[in-house]
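Subject: Structure handover

Hello,

Here is the structure for your records. My notes on the contacts and the fold follow below it.

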Amino acid sequence: MARFKLALRALVLWVARLLGSRVTDPRTGKVLGRALLIPFRGKVHVIGLDAVVVAEFAPQERLTYWKQELRFTAHPPPDFPHEPPGA
């Protein structure tokens, strides 16, 4: 059964990367990958993307609350300035 689940997951990810939208980081212009973006019940499900992303609202010329664009940026690496060395 576990082998079937892994095969099904691989198939779904392959289809998502084949049919999905290209996701780019607007700050760097780097392509993060291809993924299916599915809005459902107030959430956005990102299927097929390998990179860790953070959703943020895109700036607008005119402020409208009923329609806002989301963009995805790469999550920055963790920064732990108060972590003791060797821990």
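Glutamate 56 lies in strand S4. Strands here are DSSP runs of E with at least two residues, helices are runs of H or I with at least four residues, and both are numbered from the N terminus. This is a predicted model: local features need pLDDT of at least 70, side-chain atom pairs count only at pLDDT 80 or more, and totals for chains, interfaces and linings use all residues. Residues are numbered from 1 along each chain as its sequence is written, and side-chain values use heavy atoms, with hydrogens and water left out.

Is glutamate 56 buried or exposed? Its relative accessibility is 19%, and it counts as buried. The cut-offs are under 20% relative accessible area for buried, over 50% for exposed, and partly exposed in between (1.4 Å probe, protein chains only).

Two arginines meet this side chain. Arginine 27 makes a polar contact with the side chain of glutamate 56 at 3.1 Å.

The term means a side-chain nitrogen of Lys or Arg within 4 Å of a carboxyl oxygen of Asp or Glu. Together, Arg27, Glu56 and Arg71 form a linked network of salt bridges.

Contact means heavy atoms within 4.5 Å.

Arginine 27 is exposed at 60% relative accessibility. Arginine 71 is partly exposed, with a relative accessible area of 29%.

**The other salt bridge**

How many salt bridges does the rule give? The count is 3. One of them joins aspartate 50 to arginine 17, with the closest N and O atoms 2.7 Å apart. This pair links distant parts of the chain, 33 residues apart: aspartate 50 is in the loop between strand S3 (43-47) and strand S4 (53-57), and arginine 17 is in helix H1 (residues 2-19). Aspartate 50 is exposed, at 66% relative accessible area. Arginine 17 is partly exposed, at 32%.

**Alanine 55**

Alanine 55 is also placed in strand S4. It is partly exposed, with 44% relative accessibility. Its C-alpha atom is 6.4 Å from that of leucine 70, a residue 15 places away along the chain. Neighbours within four places in sequence aside, alanine 55 is in contact with Leu70, Arg71 and Phe72.

Phenylalanine 72 has its own list of contacts. With neighbours within four places in sequence set aside, the list includes Val23, Leu32, Leu37, Val44, Val46, Val53, Val54 and Ala55.

Which residues make up the largest nonpolar core? There are 5: Val23, Leu32, Ala35, Leu49 and Phe72. A nonpolar core is a set of buried Ala, Val, Leu, Ile, Met, Phe, Trp, Tyr and Cys residues joined through side-chain atoms within 4.5 Å. In soluble globular proteins, nonpolar side chains tend to be buried together.

An open sheet of 3 strands runs in the order S1-S2-S3, with antiparallel pairing. S1 and S3 are its edge strands, each pairing on one side only. On average, neighbouring strands are turned by 55° against each other, direction ignored. Two strands pair if DSSP finds at least two bridges between them. S1 and S2 are antiparallel and joined by 4 bridges. Valine 23 has glycine 33 in S2 as its bridge partner. Helix H1 packs on the sheet and touches S1, S2 and S3, with its direction at about 100° to that of S2. Axes are lines fitted to C-alpha atoms, for helices over the stretch in contact, and angles run from 0 to 180 degrees between N-to-C directions.

**One backbone angle**

Arginine 41 is in the loop between S2 and S3. Its phi is near 55°, a positive value in a residue other than glycine. Arginine 41 is exposed, at 76% relative accessible area.

Best regards

How values were computed
A polar contact is a pair of N or O atoms within 3.5 Å; within protein, one must be able to donate a hydrogen and the other to accept it, and residues adjacent in sequence count only if both atoms are side-chain atoms.
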